[in-house]
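Have the sequence and the 3D view at hand, and let's go from one part to the next.

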Amino acid sequence: MATTTTATKTEQDIVMPPEPPGPVMWLRKNLFSNWYNSLLTIISLTVLYLAVSGVLRWAISQADWRPVVNHPLLYLVGQYPRDQLWRIGVGLVLASFLAGASMRYWGRVMQVVVLTYAAFLAVLTAWPPAGQALTNEIRIFLLVNIAIIGAGYLAGRQLRIRSGLLLAAWLFTLALTLVLLRGFSGSRAAPTLSTQIWTGLLLILVLSSGIGHLFARNARIKRGLLLGAFLFSLSLIVVVLRGFPLARAVSPVSTQLWGGLLVTMLLSVGGIVLSFPIGVLLALGRRSGLPVVRWLCTIFIEVVRGVPLIGILFMASLILPLFLPTDIRIDRLLRALIGMILFSAAYMAENVRGGLAAVPQGQVEAANALGLNNLKVTILIILPQALRAVIPPIVGQFISLFKDTTLAAGVAVLELLSVGLAVLQGTPEYFGLQMEVLLFIAAIFWILSYLMSYASLRLEAALGVGER
Amino acid sequence: MLRQQDIPFWRDERILRIAAQVISAVLVVAFLWWMVDNMISAANQRGISLGFRFLRESAGFPLGESPIPYDPSRSFAYAFYVGFLKTVQVSALGIILATIVGVIVGLARLSSNWLISKLAIAFIEAHRNIPLLVLLFLWYRGVFLKLPRVRDSLTWPGQIYLNQRGLFLPWPRLNESGQIFLIALILGIVLAAAAWIILKRVRVATGKPTYFGAISLALLILIPAAGWFLSGGEPLHWDIPALSGFNFVGGVNLTPEFAALLVGLFTYTAAFIAEVVRAGIQAVNRGQLEAARAVGLNYYQLLSLVVFPQALRVIIPPLISQYLNLTKNSSLAFFIGFSELFYIGKTTINQAGRAIQVFLLVMAVYLALSLLTSLILNLYNRRIQFVER
């Protein structure tokens with residue numbers, strides 16, 4: 001009896017699930033749900049059509065892209081001597097390898113970055129051959145770099161490198177590239193020991209730390225060895241290269257010649273990396289129990305945050321030399337970098353302070369109960385937790401610092417925007433083509449910033465910030 | 001007692017605290033002393049004067065446009081004052097426009113209309129990911145300087161002209177008998193605002209209808225109208241721009257520099273404000289919306305009585321920092337040649353040197369503006385925040 005009733009019920013009263021919404025339903029629901037939405041849709045469609053068709057017509061038939069297409073190297077590296085480009089190449093090879101190796105780390109954020117980087121290399125390889133085109137050597141080199149990324153990826157998968165090690169390698173690459181780009185003045189005397197001994201020392205150090213790393217049991221010792229090896233080899237490379245006959249091959253290149261994307265990257269990456277330790281110290285100082293320290297840090301942070309960046313850049317480039325002894329000369333790019341660092345440090349401090357505030361008080365109390373002193377509590381308990389929470393805001397800060405590098409144009413630093421303006425000014429036949437150049441620069445900034453903010457969203461999800 | 005004395009002084013926390021503070025203070029003071037000493041000796045060597053007396057000398061450089069009469073024979077101090085006024089002018093206008101556009105875009109971003117919401121996202125992403133300086137150059141060199149020449153001005157109804165020299169608008173100006181109207185207008189606005197605030201308080205306190213909207217609207221219209229008739233019916237006349245020779249004369253002229261700066265600043269900041277507004281609205285508890293609907297509020301009431309008052313608490317703090325950013329960003333006018341405070345500072349350094357004094361002055365003004373704005377808005381913020389019990 002019971003079974004028959006259920007059977008008939010299922011036959012008759014079963015409610016079929018609603019049809020999945022088709023395109024018409026979607027249109028009705030999302031674009032024409034009521035009269036004012038329909039009106040808004042129609043108006044904005046019309047405006048959109050007019051705008052897009054106008055822009056497309058202009059971009060394809062009217063715009064003259066010569067000032068953009070003809071000078072790829074200027075936009076990339078400025079007037080860096082063309083016969084010295086190999087130095088940038090060295091940095092690029094290292095970066096490509098590390099980028100490939102880093103792909104598996106940091107919540108796969110690096111995937112986005114690395115794929116963009118590879119796409120960037122590919123676009124450059126296929127850059128139209130016009131004007132001062134890229135030579136075939138450069139194109140091949142760029143293609144090889146894509147292969148190096150692949151090699152780095154495979155190596156990273158095989159070796160399972162620690163992410164701390166990768167970070168150290170990135171910093172090392174950055175420092176080495178800077179040293180190479182700058183070069184050494186030949187007039188400096190060779191180091192007191194002969195170069196062979198220095199080279200030998202360097203090799204022994206690198207080898208022994210490598211071997212030590214392989215055999216050491218304790219992770220802390222391993223880390224210490226590696227860090228020590230990096231620092232030592234960096235300092236040794238500087239010393240050794242100076243003394244080497246090679247030093248003549250890496251003769252100094254004035255930073256006046258540096259330009260384009262190279263300088264933009266240098267200012268933004270250098271600014272964020274170097275402002276990080278200062279910012280952490282300032283944040284700790286601002287939360288310190290010592291009133292004098294707290295006040296000094298607060299004053300610095302609030303003053304810097306209260307004035308415009310362009311003002312700080314001008315201070316760094318015009319006023320700072322006046323406050324230093326007359327025999328100290330800092331070159332223009334470095335002064336701009338100092339300005340960026342000071343500016344960024346104040347904002348970094350506020351970000352880090354947010355992270356510090358997010359560490360529960362119970363953690364500090366527990367650490368104190370275990371008998372850790374204040375320094376150890378800060379370094380071992382508070383900072384690791386606080387810094388993980390502030391990675392997303394730091395990425396955000398990096399994006400805005402990256403955009404703010406354009407202001408360095410005001411103190412005669414040839415970053416991307418000022419290279420564009422210089423290209424326009426330097427060539428009479430480009431008169432009136434501002435729109436093309438500015439749109440190109442805007443597009444570069446847009447793509448890079450957008451990808452970074454996209455990556456930062458993924459990073460936030462991967463770190464699980466706010467879910468604890 | 002004995003154990004107390006056993007602690008050596010380098011382990012005594014009280015002494016350590018004092019020592020740490022003294023050492024850090026001494027280090028900072030010594031560093032500053034060293035820098036200032038360098039500066040003074042260099043200044044003495046080169047014979048640079050470090051006083052502020054130059055402010056009384058005549059500036060000698062022309063300024064494009066000025067809210068108050070200015071000519072190159074005026075003093076540097078006066079030029080700085082003009083620059084300060086222009087900074088305040090462009091920041092205030094920018095803040096108002098950015099807030100209006102930002103709120104509209106933020107609401108559009110949350111619209112149920114797919115296209116509108118996507119357009120709002122496009123606007124926001126386009127502005128947030130391009131440097132402000134590039135946007136300013138795009139507006140200035142790409143748009144405002146590419147406008148038609150004066151002879152081929154774009155003409156809009158209401159005698160508005162747009163050309164390379166900027167935007168020309170008709171502007172109401174006071175006649176001689178217009179003072180009474182002006183006073184009546186101000187009186188009307190003040191009384192209307194006062195009536196609104198007081199009567200609304202009474203309404204909230206007693207629950208009785210006080211018709212505060214109608215009464216203040218009536219005050220707002222009637223008092224200026226009375227002033228209009230008292231002044232003889234013709235207190236104002238329209239100052240209409242007219243082509244004379246090579247340029248327009250009369251009306252109000254927004255130079256391309258000013259227009260580019262204003263447009264660039266307010267659209268850029270609006271994109272950030274839109275995100276702030278969106279986050280604030282999304283932070284309002286869904287239950288609040290459902291409860292408001294259940295009580296029978298319509299959409300407008302829902303927004304104005306339930307959503308906005310609660311969203312404001314989340315919106316105000318980041319909004320303050322956006323306003324401050326806009327004010328500080330107005331210094332980028334320097335790049336497109338709009339003579340606000342920073343530009344005048346730089347010009348003074350080029351003409352008269354004295355970089356240190358000029359920078360001290362300019363930075364102090366920006367700092368004071370920032371601190372003042374954040375002070376006022378923080379007070380307001382404190383008033384509207386939840387009181388936690």
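**Salt bridges and what surrounds them**

Let's start with a single side chain: A:Arg66 is partly exposed, since its relative accessible area is 32% (buried means under 20%, exposed over 50%, partly exposed in between, with a 1.4 Å probe and protein chains only). Before going further, keep in mind that this is a predicted model, in which local features need pLDDT of at least 70 and side-chain atom pairs count only at pLDDT 80 or more, while totals for chains, interfaces and linings use all residues. Residues are numbered from 1 along each chain as its sequence is written, chains are lettered from A and ligands numbered from 1 in the order in which they are written, and side-chain values use heavy atoms, with hydrogens and water left out.

So who does that arginine meet? A:Arg66 and A:Glu429 join their side chains in a salt bridge, 3.1 Å from N to O (a side-chain nitrogen of Lys or Arg within 4 Å of a carboxyl oxygen of Asp or Glu). A:Glu429 sits in the loop between α18 and α19 of chain A, and A:Arg66 in helix α4 of chain A, so the pair ties together parts 363 residues apart in sequence. Helices here are DSSP runs of H or I with at least four residues, strands are runs of E with at least two, and both are numbered from the N terminus. A:Glu429 itself is exposed, at a relative accessible area of 53%.

Over all chains, the structure holds eight salt bridges. Another one joins A:Glu302 to A:Arg286, with the closest N and O atoms 3.1 Å apart. This pair links distant parts of the chain: A:Glu302 is in helix α13 (residues 291–306) of chain A and A:Arg286 in helix α12 of chain A, 16 residues apart. A:Glu302 is partly exposed at 28%, whereas A:Arg286 is buried at 15%. Then there is A:Glu350, whose salt bridge with A:Arg353 has its closest N and O atoms 3.0 Å apart. Both lie in helix α15 (residues 332–358) of chain A, three residues apart, which is about one turn of the helix.

Now step back to chain A as a whole. It has 19 helices and zero strands, and 43% of its 468 residues count as buried. One helix that is mostly covered is α18 (residues 416–426) of chain A, with eight of its 11 residues buried; among them are A:Leu416, A:Val419 and A:Leu424. What covers these buried residues? The cover includes α4, α5, α12 and α19 of chain A, together with α5 (132–143) of chain B. In the loop between α17 (374–404) and α18 of chain A you'll find A:Ala412, and its phi is near 60 degrees, a positive value in a residue other than glycine. Most residues other than glycine have a negative phi.

Look at helix α2 (residues 13–46) of chain B, where B:Ser24 lies. B:Ser24 counts as buried because its relative accessibility is 19%, and it touches A:Val292, A:Val293 and A:Leu296, leaving aside residues up to four places away in sequence (contact means heavy atoms within 4.5 Å). B:Asn38 is found in helix α2 of chain B as well.

Four of its strands form an open, antiparallel sheet in the order β1-β2-β3-β8 (two strands pair if DSSP finds at least two bridges between them). β1 (154–156) and β8 (252–254) of chain B stand at the edges with a single partner strand each, so one side of each has no neighbour in the sheet. Further in, β2 (residues 160–163) and β3 (residues 166–169) of chain B pair over three bridges, and B:Leu162 stands opposite B:Leu167 in β3(B).
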